[in-house]
Amino acid sequence: MTDESLVAAMARGDEQALGALYDRYAAGLNGLALRMVREPADAEEVVADAFAQAWREAHRFDGRRGPVSAWMVTMTRSRALDLIRARGRRARLKDEVAVAMPVNPVAMGTPPAVPSRAAEEHERADHVQTALRELPSEQLEVVHLAYFEGLSQREIATRLDTPLGTVKTRARLALARLRNPLHALAPEGQDD
Amino acid sequence: MTDNPRDLVMPWLLGELAGAEAQAFERLMASDPDLAEEVRATGEALAAMALATPVAPRPELKTRVLAAAAASKGAVLPPIATRRSGAAVWLGIGLAASLILAAVTSLEWRSTAADRDQLLASRDSALGAIAVRDSLLARFTDPELESVRLVADPAKDPTIRMMLDAKRGRLTLSAAELPQLGANQDYQLWYIIGGNAVPSVVFHPDAAGSALALDVPMPDRGTITAVAVTIEPTGGSPAPTSTPRFVTPLGE
């Protein structure tokens with residue numbers, strides 16, 4: 001059963017479909033939440049909230065806007081950022097950025113073994129892993145601050161004391177490599 | 001709008017664009033298939049990155065997620081069990097999470113989502129459960145209320161905690177890890193006033209040994225010298241028929 005079929009079944013009130021979707025994504029989403037909120041109990045709260053939201057809003061899912069995985073990740077990330085902001089942890093996280101940053105690509109781990117996920121998603125995950133391993137640390141840093149800490153590009157520029165144009169360039173190059181690890185790296189700073 | 005719309009792919013995906021800026025970018029996507037494809041591919045790549053460090057949550061989280069979903073389809077609170085009809089709202093459960101779990105396991109859910117009225121009623125019921133939880137949290141964190149803890153034996157786990165609201169003449173009771181009772185038995189709370197046991201609310205723990213009572217009426221606190229809990233026949237008794245399992249003195 002595809003992810004999209006499971007979400008459609010959830011929209012009809014099928015709790016077993018929710019359980020199946022949970023089995024596919026809970027570990028990955030919990031890992032995401034844990035990286036963001038840093039505390040296991042908080043991470044599980046975030047995951048629970050994300051699945052609750054998915055259950056409530058399954059009827060609104062539109063596959064044309066992206067796959068279920070991206071939908072679930074977006075909800076989890078949003079809930080995690082809500083929690084971080086609500087608890088005023090951002091300042092503390094800033095101090096911990098050196099610890100939080102996955103500057104060691106090996107620490108990014110391996111994609112979860114999800115038997116029922118489509119092969120193409122496995123392939124994409126492999127590509128992303130490859131890209132993450134090869135990303136220059138300054139690009140990885142920008143992606144991390146934007147994605148896992150919810151900083152705007154302007155905030156990243158301030159945090160890193162780096163021109164906004166450089167931040168934008170790093171982000172664009174990083175995303176290009178994440179989309180396609182074979183993407184040739186353009187020299188940084190052209191937009192500065 | 002920035003000079004290079006590619007710079008807005010990530011901000012748009014991360015929800016940082018709003019209002020006119022977001023609409024302008026979406027119009028651009030609609031007219032530029034390459035940009036739209038770039039956005040889609042970037043979104044998938046970011047999702048793959050986000051999922052790249054799996055950490056299994058505790059097994060009970062799945063139970064909780066499914067229970068919450070089931071509850072949202074039509075949670076029904078356990079029946080009220082009190083000797084004083086309308087005097088107190090009894091929920092044969094612990095906190096909201098166990099409330100939902102208990103409801104889930106005791107009900108046969110309707111599987112159709114087509115019944116909108118049922119869904120709306122379910123939502124209202126779930127919201128009610130949340131309100132109960134919030135109310136409980138508010139009471140147990142109110143600095144003006146007096147906390148009383150009843151213990152069967154200091155060395156054992158089962159406890160009953162009460163928050164006494166002297167101004168309102170009400171108490172809130174929360175019990176944890178109570179020993180299970182027979183099918184024909186309930187716990188009953190007693191006020192000891194002038195050497196006499198005055199009957200109060202009757203409660204039955206759920207499968208986890210939890211019980212919760214809100215807005216239990218209490219006599220003038222100045223006359224209560226102790227509170228106690230006994231095991232009584234179902235529905236309670238006008239006078240204690242067993243020795244107290246929990247007891248604690250009140251007042252100075």
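Let's start with chain B. It has 6 helices and 9 strands. This is a predicted model, so please keep that in mind. Buried residues make up 35% of the 252 residues in chain B. Now contacts along the sequence. Take those in chain B with a separation of 6 or more: 64% of them come from residues 24 or more positions apart.

On to chain A. Here we have 10 helices and 0 strands. Read along the sequence, the pattern is α-α-α-α-α-α-α-α-α-α. Chain A has 192 residues, and 46% of them count as buried. For contacts between residues at least 6 apart in chain A, 55% join residues at least 24 apart.

Next, the cores. In soluble globular proteins, nonpolar side chains tend to be buried together. The largest nonpolar core in this model has 76 residues. Which residues have the most contacts inside it? They are Ala33(A) and Ala146(A). Helix α2 of chain A, residues 15-37, gives the most to this core, with 13 residues. Look at Ala33(A) on your screen. Leave aside its neighbours within four places in sequence. Ala33(A) is then in contact with Ala43(A), Val46(A), Val47(A), Thr76(A) and Ala80(A). There is also a second, separate core, of 24 residues. Among its members are Met163(B), Leu171(B), Val201(B) and Leu212(B).

Now, where the chains meet. 39 residues of chain B are in contact with 45 residues of chain A. Which elements of chain B give two or more residues to that side? They are α1 (9-13), α3 (33-50) and α4. Of these, α3(B) gives the most, with 11 residues. By class, the side of chain B that touches chain A has 24 nonpolar, 6 polar and 9 charged residues.

Let's zoom in on α4(B). This helix covers residues 60-72 of chain B. The buried residues of α4(B) are Arg64(B), Val65(B), Ala67(B), Ala68(B), Ala69(B), Ala70(B), Ala71(B) and Ser72(B).

What does α4(B) pack against? Two packed helices are described by the angle between their axes and the distance between the axes. The partner here is α3(A), residues 40-57 of chain A. The angle is about 35°, and the axes are 10 Å apart. The crossing of α3(A) and α4(B) is right-handed. From α3(A), the contact uses Glu44(A), Val47(A), Ala48(A), Phe51(A), Ala52(A) and Trp55(A). From α4(B), it uses Leu61(B), Arg64(B), Val65(B), Ala68(B), Ala69(B) and Ser72(B). By class, that contact has 9 nonpolar, 1 polar and 2 charged residues. Val47(A) is in contact with Ala33(A), and Arg64(B) is among the buried residues of α4(B).

Last topic: backbone angles. Most residues other than glycine have a negative phi, and most peptide bonds are trans. Two residues of chain A are worth a look. Arg38(A) has a positive phi, near 75°. Arg38(A) lies in the loop between α2 and α3 of chain A. Is Arg38(A) buried or partly exposed? Arg38(A) counts as partly exposed, because it has 17 C-beta neighbours inside 10 Å. Then Asp161(A). Its phi is also positive, about 55°, and it is not a glycine. Asp161(A) lies in the loop between α9 (153-160) and α10 (164-179) of chain A. Asp161(A) is exposed, because 6 other C-beta atoms lie within 10 Å. That's the tour.

Key
Residues numbered from 1 in each chain as written. Chains lettered and ligands numbered in written order. Predicted model: local features only at pLDDT ≥ 70, side-chain atom pairs only at ≥ 80, totals over all residues. Helix = DSSP H or I, 4+ residues; strand = E, 2+ residues; numbered from the N terminus. Expected span 1.5 Å × (residues − 1). Buried ≥ 20, exposed ≤ 12 C-beta atoms within 10 Å, placed from the backbone. Contact = placed C-beta atoms within 7 Å. Nonpolar A, V, L, I, M, F, W, Y, C, P; charged D, E, K, R; others polar. Core = buried A, V, L, I, M, F, W, Y, C linked by C-beta atoms within 7 Å. Axes fitted to C-alpha atoms, helices over the stretch in contact; angles between N-to-C directions. Left-handed = near helix turned anticlockwise from the far one by under 90°.
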